[in-house]
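This report examines how selected residues are arranged in a protein chain. Please consult the sequence and structure shown below while reading.

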Amino acid sequence: MRILGLITMTAIAAATALASETGPAPERKVTVCMDPSSDGREIRAAQRLASKVFARIHVRIDWRELRSCPVGGNALQVTLSYNTPEHQLPGAMAYALPYEGSHIVVFYDRLRKSDANQVTCSLAYVLVHEVTHILEGITRHSTRGIMKAQWDREARFEIAIGRLEFAPEDVDLIYRGLDGREFGPTLAASRVPATVALH
């Protein structure tokens, strides 16, 4: 029993030493371009909160307006929908096209109606969720955290206080996706959307 304890303590010490030698995880950067809105103050506040969420996992978001979006790169493009048809992805607040690799549409009108008191926080987390779909390059959802398909009451409370986190597997998928994006945009385009809903 003492030998097992000694081995465990040695392993923990080695891991701690390795972490202090390598330092914090390197910061990765993503450019996200968004169309201008009449609700500019609310949009910018949501972008700042979304940036803070990604900063927790060492990913920096470079927000730009669509008109200054880099051409031919890996920049993501977010469009806000103000007149979303009822039949378009009922219940969804947004969708991304992860296999296409760059486009996100936020149903801003639905978001404002469903959560009028928390629009900034909700928009921030919807942006984080959909940007993550693009970065991961897949439509999958997690059983918990930011990448759940539907946010329940507990998740919405954590959103309201800015504390909903990524599941560890999503952080890993984001890093892998970012590493893959360095080699250029995804070649296989698909119109299969990945969505998020508030419940």
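Leaving aside its neighbours within four places in sequence, with which residues is Ile-174 in contact? In this predicted model, the residues that Ile-174 touches, with those sequence neighbours set aside, are Phe-54, Ile-57, Val-59, Thr-132, Leu-135, Glu-136 and Phe-166.

Ile-174 also belongs to the largest nonpolar core, which has 45 residues. Together with Phe-54, Val-59, Val-106 and Phe-166, Ile-174 is listed among the residues with the most contacts inside this core. Helix α4 (residues 119-136) gives the most to the core, namely eleven residues. Another core, of five residues, lies apart from it and includes Ala-92, Tyr-95, Val-105 and Phe-107.

The count of aromatic pairs comes to three; the table describes two of these pairs.

| Pair | Type | Centre to centre | Angle between planes |
|---|---|---|---|
| Phe-54 and Phe-166 | tilted | 5.7 Å | 45° |
| Tyr-82 and Tyr-108 | edge-to-face | 5.5 Å | 80° |

Phe-54 lies in helix α2 (residues 40-55) and Phe-166 in the loop between α5 and α6, so their pairing ties together parts that are 112 residues apart in sequence. Both Phe-54 and Phe-166 are buried. The other pair joins Tyr-82, in the loop between β3 and β4, to Tyr-108 in helix α3, 26 residues apart. Tyr-82 is partly exposed, with a relative accessible area of 34%, whereas Tyr-108 is buried at 0%.

Helix α3 (residues 108-114) also contains Arg-110. Arg-110 is buried but has no salt bridge. The nearest side chain of opposite charge, that of Asp-109, is 5.4 Å away, and a salt bridge requires the charged atoms to lie within 4 Å.

Note on methods. Residues numbered from 1 in each chain as written. Predicted model: local features only at pLDDT ≥ 70, side-chain atom pairs only at ≥ 80, totals over all residues. Heavy atoms only, no water. Core = buried A, V, L, I, M, F, W, Y, C linked by side-chain atoms within 4.5 Å. Buried < 20%, exposed > 50% of the residue type's maximum accessible area, 1.4 Å probe, protein only. Helix = DSSP H or I, 4+ residues; strand = E, 2+ residues; numbered from the N terminus. Contact = heavy atoms within 4.5 Å. Lys, Arg positive; Asp, Glu negative; His and termini not counted. Phe/Tyr/Trp six-rings, centres within 6.5 Å; stacked < 30°, edge-to-face > 60°.
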